[in-house]
Amino acid sequence: MKNTTIDYADFAEYDRRQSAIQRHVVLAFLAGLAVGALGMAISGLASDLVSEFYDPYAYLALAIVVGATATGFGWALLTTFLAGTSMLVSAMGGSAVLGQSDFEVIGGGHAAGLNLLLVLLVAVGLLAHVTRRSDGWGDLAAGAITGLLVGDVIDRATPGFIDSQPGFWPVPAVMIGTLSVALIFVMRGTAAGRARAAVLATGVAAVIAALALAF
């Protein structure tokens, strides 16, 4: 009769991984609720300048953090979607309580804007997860995130573009643009990786700016 050796350390490690995943899912949901509720409060109480900083960049920042800290790609997809959905529900619920049925607090106040924002949050979260890789794919993901952010800044800050906002230039545009570029240095640890990310970011931002100008 053979003796079976059970490695309880493996079970303990598996249990720790499952517990960490569960905590991450719950925290993503709660963080989404908190960020969405705070966005609703800011839109009603704070100045337009503060609102321009918050929407949509606070939501995108949360998506980046949630995606980058997820255990795997599938969990990044789930948790960023959960965080994004809870943000939208929290913000819209708070607006409804205050009697604002148009939901202008987030996503531009219309269904298409809400759907687009949710898709963007999930996409950014997945890209943030890919930045954990140390190869070229991680460099490209970091560049794509920065390019999307910089492209949005250009769109908002330039008169005549789709989402042009007169008050967005110069303070919000310069600060958010600088932080967006700084992401490359945070997410990539080598000069070559940063260079590849910067090249892609420039291309993505240029495409977004061209589309904003064309339409």
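Predicted model: local features only at pLDDT ≥ 70, side-chain atom pairs only at ≥ 80, totals over all residues.
The protein chain is built from eight helices and zero strands, so its pattern along the sequence is simply α-α-α-α-α-α-α-α. Of the 215 residues in the chain, 40% are buried. Look at contacts with a separation of 6 or more, and 70% of them link residues 24 or more positions apart.

- Gly167 is partly exposed, because its relative accessible area is 42%.
- Setting aside neighbours within four places in sequence, Gly167 is in contact with Glu52 and Pro172.
- Arg156 is eleven residues away from Gly167 along the chain, and their C-alpha atoms are separated by 9.2 Å.

**The largest nonpolar core**

- This core holds 33 residues, and the members that touch the most other members are Tyr57, Tyr59, Leu121, Ile145 and Phe168.
- Several helices give two or more residues each: helix H1 (8–45), H3, helix H4 (73–97), helix H5 (111–130), H6, helix H7 (171–187) and H8.
- H3 makes the largest contribution to this core, with seven residues.

- H3 covers residues 57–68, which is twelve residues.
- From first C-alpha to last, H3 reaches 16 Å, close to the 16 Å expected at 1.5 Å a residue.
- The buried residues of H3 are Tyr57, Tyr59, Leu60, Leu62, Ala63, Ile64, Val66 and Gly67.

- Leu121 belongs to helix H5, and it counts as buried because its relative accessibility is 1%.
- Beyond its neighbours within four places in sequence, Leu121 is in contact with Tyr59, Leu60, Ala63, Thr80, Gly84 and Met87.
- Among those partners, Tyr59, Leu60 and Ala63 are also on the list of buried H3 residues.
- With a relative accessible area of 11%, under the 20% cut-off, His129 is buried.
- Leaving out neighbours within four places in sequence, His129 is in contact with Gly67, Ala68, Ala70, Thr71, Gly72, Phe73 and Ala76.

**Arg17 in helix H1**

- Arg17 lies in helix H1.
- A relative accessible area of 44% falls between the 20% and 50% cut-offs, so Arg17 is partly exposed.
- The C-alpha atoms of Arg17 and Thr71 are separated by 8.5 Å, although the two residues are 54 residues apart along the chain.

**Helix H8 and its packing**

- H8 has 24 residues and reaches 35 Å from its first C-alpha to its last, close to the 34 Å expected at 1.5 Å a residue.
- Its buried residues are Gly193, Ala197, Ala201, Ala205, Ala209 and Ala212.
- Notice how the numbers run from Ala197 to Ala201, Ala205 and Ala209. An α-helix has 3.6 residues a turn, so residues three or four places apart point the same way.
- The buried residues of H8 pack against H6 and H7.
- Ala195 is also found in H8, but it counts as partly exposed because its relative accessibility is 40%.
- Ala195 and Gly143 are 52 residues apart along the chain, with their C-alpha atoms separated by 9.1 Å.

**How H6 and H8 cross**

- Two packed helices are described by the angle between their axes and the distance between the axes.
- For helix H6 (residues 136–157) and helix H8 (residues 191–214), the axes come within 7 Å and cross at roughly 35°.
- The crossing of H6 and H8 is right-handed.
- The residues of this contact divide into 14 nonpolar, five polar and four charged.

Key:
Residues numbered from 1 in each chain as written. Heavy atoms only, no water. Axes fitted to C-alpha atoms, helices over the stretch in contact; angles between N-to-C directions. Helix = DSSP H or I, 4+ residues; strand = E, 2+ residues; numbered from the N terminus. Left-handed = near helix turned anticlockwise from the far one by under 90°. Nonpolar A, V, L, I, M, F, W, Y, C, P; charged D, E, K, R; others polar. Expected span 1.5 Å × (residues − 1). Buried < 20%, exposed > 50% of the residue type's maximum accessible area, 1.4 Å probe, protein only. Core = buried A, V, L, I, M, F, W, Y, C linked by side-chain atoms within 4.5 Å. Contact = heavy atoms within 4.5 Å.
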